[in-house]
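Please examine the sequence and the structure shown here, and read the report beside them.

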Amino acid sequence: MKKILITGAVGAIGCHLSRHLLTDSENQLVLVDNLQRGKIDNDFSELLKNGRVKFIEADLTEPEFYKTLDNDFDQVYHLAAVNGTKLFYQMPQEVLRVNTLTLIYILEWIRGLVKKPKLCFTSSNEAYAGALASFNQLQIPTPENVPLVISDTYNARWSYASTKLIGELFVIHYAKAYNFPAVIVRPHNFYGPRSGYDHVIPEFIDRIFKKIDPFPVFGSDDTRTFCYLPDAVRGMQMLMDSEKTNNQPIETVHIGATDEILMLDLLKKLFNIIGWEPKKLDIQSSPAGSVKRRLADITKIKNLVGWEPETSLDDGLKKTIEWYKNNPKK
Ligand SMILES: NC(=O)c1ccc[n+]([C@@H]2O[C@H](COP(=O)([O-])OP(=O)(O)OC[C@H]3O[C@@H](n4cnc5c(N)ncnc54)[C@H](O)[C@@H]3O)[C@@H](O)[C@H]2O)c1
């Protein structure tokens, strides 16, 4: 039996990860979330029916909570964070407080345990996005050892990236000082069913369902990659279960897809699958600070655990559209 704690489990990655981990009948899950962003919807309620799942509604910025947690976990996936670009601008002070405090408390809790679990910390590609903004230079595909840069401390956008930057340092140096295994994962544009309503794919799908015409498109000649969530969480689990990631110094690993697509071509694919297109596109420039290309180098995860994305963009989009058709934005 393997006992696993997932923080921020009601969110996009947490729900897919929990579902994936439950396919191994040896796994027993404790899921924690304060429901700041995640919602107990039908998908999450389904998970709770499983006898190997325990859900705790709690705020991980409360130090008292850690005294109530079990002390015999084998693994911890720390996903809880204030996430979502709009929130970086609306309440950067909360992004800084919650993301940093929850990580420090998790690390301090692990430090005090006799049996120390292996930790997975989700950083972000945002932690290196500033390298491009500041120096107009970023290796593509981007490897893990790229410099992490905060371009402007006064711009609220960088509040989130800064918590991931400092977070990576905390995890690396706590794991070394207190000798526990850990992995840092940098997710690159995960998408799929139940992945919120304010990422590019759900937003495009919502506008297509609403038949908005002229149809606004920002940064139509930017390219991106999109990694299907069930593939992505399998990569996280493979890293956590591998003995190759048990050593010091710990590994930082990019997870993402490699087939780049123009935003305009992504949109055309969605029009095609859904079977509707507008008479006119309202093409607008990318939001300020947006990156022309974002492409992760995934050589490291391939070499470490043999992971690669398996789901084609077409198949992933079809399943994603199906989910959003049944669960439209309210
Ligand atoms: N989805 C992506 O493509 C992506 C990309 C880069 C990084 N990440 C990182 O991966 C992690 C998970 O991302 P996600 O997309 O599932 O985000 P999400 O916002 O869907 O999930 C985060 C969850 O954390 C919970 N939470 C927030 N504050 C909390 C607190 N104080 N106590 C307990 N729970 C709290 C929220 O309610 C939410 O359910 C985050 O750390 C995020 O920064 C995700």
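Predicted model: local features only at pLDDT ≥ 70, side-chain atom pairs only at ≥ 80, totals over all residues.

Residues are numbered from 1 along each chain as its sequence is written.

Helices (H or I, at least four residues) and strands (E, at least two) are DSSP runs, numbered from the N terminus. Two strands pair if DSSP finds at least two bridges between them. The pairings of strand β4 (residues 75-78) are listed below.

| Strands | Sense | Bridges |
|---|---|---|
| β1 (residues 2-7) and β4 | parallel | four bridges |
| β4 and β5 (residues 118-122) | parallel | four bridges |

V76 in β4 is the bridge partner of L5, and H78 stands opposite F121 in β5. Both faces of β4 are covered, with Q75 and Y77 buried on one side and V76 and H78 buried on the other. A residue is buried if 20 or more other C-beta atoms, placed from the backbone, lie within 10 Å of its own, exposed if 12 or fewer, and partly exposed in between.

The ligand is surrounded by 29 residues, of which G8, G11, G38, A81 and T122 are the closest. Two or more residues each come from α1 (12-22), β2 (27-33) and α4 (92-112); α1 gives the largest share, three residues.

L48 lies in helix α2 (residues 42-48). L48 counts as exposed because it has 12 C-beta neighbours inside 10 Å. L48 and I6 are 42 residues apart in sequence and 14 Å apart in space, C-alpha to C-alpha.

Notes: Near = placed C-beta within 6 Å.
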